[in-house]
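Thank you all for coming this morning. I would like to walk you through one model, so please have the sequence and the structure open as I talk.

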Amino acid sequence: MSKDVLLAVTRLTKRFGGLAALSELTLDVERGKVLGLIGPNGSGKTTFFNVITGLYEPTSGHVVFDDSPITGLSAQEVHHRGVSRTFQRSRLLLPLSIFDNIALGMHLRQGKGLWGNLFSRTRLLAQVREFAHEAGELLAVFDPELARDMSRPVEGLPMISRRRVEICRALASRPKLLLLDEPSAGMTHDETMRLVDDILLVKKRSDDLAIVIIEHEMSVMERITDHCAVMNFGTMICEGTYHAVAKDPRVQEAYLGGE
Amino acid sequence: MAQREKTSFVPAGLSALGATIYAGLLLGAESQTYVLCLLAAGAVLLAVLKAAKLFGRIGASVAANQTLFGAAMAAGTVALALVFHADPFILFLIATVLTYMLACLGLNIQFGYCGVVNFAGASFFGVGCYVAALLAKHTALPHLLVLPLAGVIAALVGLILVVPVLKTRGHYAALVTIAFALLFKTFLEVTDSLGGPQGLKVPAFKLLGWSFSKDIVVLGLRGNFYLNYIALILVLTAVGFTLARRLERSWIGLNMDAVRIDETVSACFGINITRWKILAYTLGNFYCGVAGAIFAMMLGFIAPSNFTFGDSLILISIIILGGLGSSWGTMVAACIVILLPEKFQTMQEYRFLIYSALVIFILLFRPQGILPRGVRSFGLEGGARS
């Protein structure tokens, strides 16, 4: 097999009552590649993310990540395996500082013992400094101005800065797979283009990282994806490179409505 | 870093001094007109400080000199206790305020940090009281050990509720704890071995053979026995405060905040939500239990009517009034909630009316509490700047 598959999804189904949000979806994500998920609203893209990340339990089907099954694992366990995500509506911890938000992504590397946290302040603060340095470097790649003072609460930041912090939070966990759910939502065209540059930068920094991106902005897909999959009614209707997919009549039909 | 070191302690120190003097005047005030004048003067003073934009400077000064400010406030409390060394009622009030502070710091860890609602604070306080009564009466355990043990048992009793508290949220969790508060009081009333509705006598606290219920005589000066308790509770509260602050400024504090703000995101970043909720809940009940134990030994007598749902509401109202998650806010609110009704005592039945109106008034103008919590930090010099 020439393909190096990181995430293998087989006949994944998720039903909400009578509605099949995902039906028998089969899909592979290759290591180090960017996969774009295209499809009209309600076609099951976000449900797919929620099932993969363990927020929803699948009705049937299998998910194999990095050669081990993760079907039905909790969100916490899936993250431990190396999956991080962003959310369609930016879900930062608004009252907390920029640093705290990014530090959430470093959760697995933080000391969790009560004793260490309460009584060895020197060691704790040394770790905080180390992580603050790391977070600052990561954030500065996207926006040096934002990284200058990370003690500001995120609630005061404009949307593009929030998106950047959110992507940094996901990257801070050093994931193998990054799921981006409509990163351009709520942004202007210029901001979206800058965000695309950011994502390309992320790709350049780590060869191994695989990204799945949901996006309605087709110019984004054209620029950053290696491969696209088109979904409709919870299943994949076609896949291929962006240009191949864009020309496919089934895709036109899904978006414009067919007979 | 250099910038922080230059922040002078003077504004914070002056505030600590001012707060001490004001509290002293209020504690000593006897006539109703005097109390009202003092409250009015306090309001005017705050308005003047606000108009002169001094709050920012005071806040920065306190933030930069946390330990020193805490020490100054503790010293202020000691000074007040010494000034009123012969007045049992005022000393009792001071000790009560300190005890409530300790219990509320615990509730603040639960509700303010981790978002775990607990409307049965007074019940866990009560568990501490009864454990202290039983252990002090029937065992030879050193009393200094009785205190943490009472906390541990309060925390263990709390674990009865852990499943519903973890599985329910918001109003439902509130209801579960309210039900527990009612159950607890009924349980005490019908259990004869715990004294039933008549309650129990509690032996006084003893430290190395020295009974805390005896007046202190130093160089011919007689100090009321409450001074003993004030000293002990002050130490407990100071330790409780320091630990709560450290918790807030650690990775655990970050995890608890994340759990409170967004459980879904927390789970997606690998946070074990159950673990932190149980820790917050257990720690909070431990605080309540310890506070209850020392309070029972100071009172010398406890009865189920001390641990009603209404008392739990008072505890919750303290942390909300102070500003959820704000440790200093809890301190200030505890003073207001305990002292004001006592100071309006001669107005008899109107005192709770006036006090309640005041609380509503404060929350109307400051829904975020008297001293809202600032942005969480690790307390690093210079913050997390890179």
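Predicted model: local features only at pLDDT ≥ 70, side-chain atom pairs only at ≥ 80, totals over all residues.

Residues are numbered from 1 along each chain as its sequence is written, and chains are lettered from A and ligands numbered from 1 in the order in which they are written.

Chain A contains eleven helices and ten strands, where helices (H or I, at least four residues) and strands (E, at least two) are DSSP runs numbered from the N terminus. Its C-alpha atoms occupy a box of roughly 65 × 40 × 40 Å along the principal axes. Of the 259 residues in chain A, 43% are buried; a residue is called buried if 20 or more other C-beta atoms, placed from the backbone, lie within 10 Å of its own, exposed if 12 or fewer, and partly exposed in between.

Let me turn to an open sheet of four strands in chain A, with the order E2-E1-E4-E5 and antiparallel pairing, two strands being paired if DSSP finds at least two bridges between them. Strands E2 (19-30) and E5 (68-69) of chain A each have a single partner strand, so one side of each is left without a neighbour in the sheet. Strand E1 (5-16) of chain A pairs with E2(A) over eight bridges, and Lys14(A) has Leu22(A) in E2(A) as its bridge partner.

Now, which residues have a positive phi without being glycine? One is Arg174(A), with phi near 50°, in the loop between helix H7 (159-172) and strand E7 (177-181) of chain A. Another is Glu182(A), at about 45°, in the loop between E7 and helix H8 (189-205) of chain A. Arg174(A) is partly exposed, with 15 other C-beta atoms within 10 Å, whereas Glu182(A) is buried, with 21. As background, most residues other than glycine have a negative phi.

Finally, the contact between the chains takes 40 residues from chain A and 28 from chain B, with contact meaning C-beta atoms, placed from the backbone, within 7 Å. On the chain B side, H12(B) gives the largest share, six residues.

Terms used
Contact = placed C-beta atoms within 7 Å.
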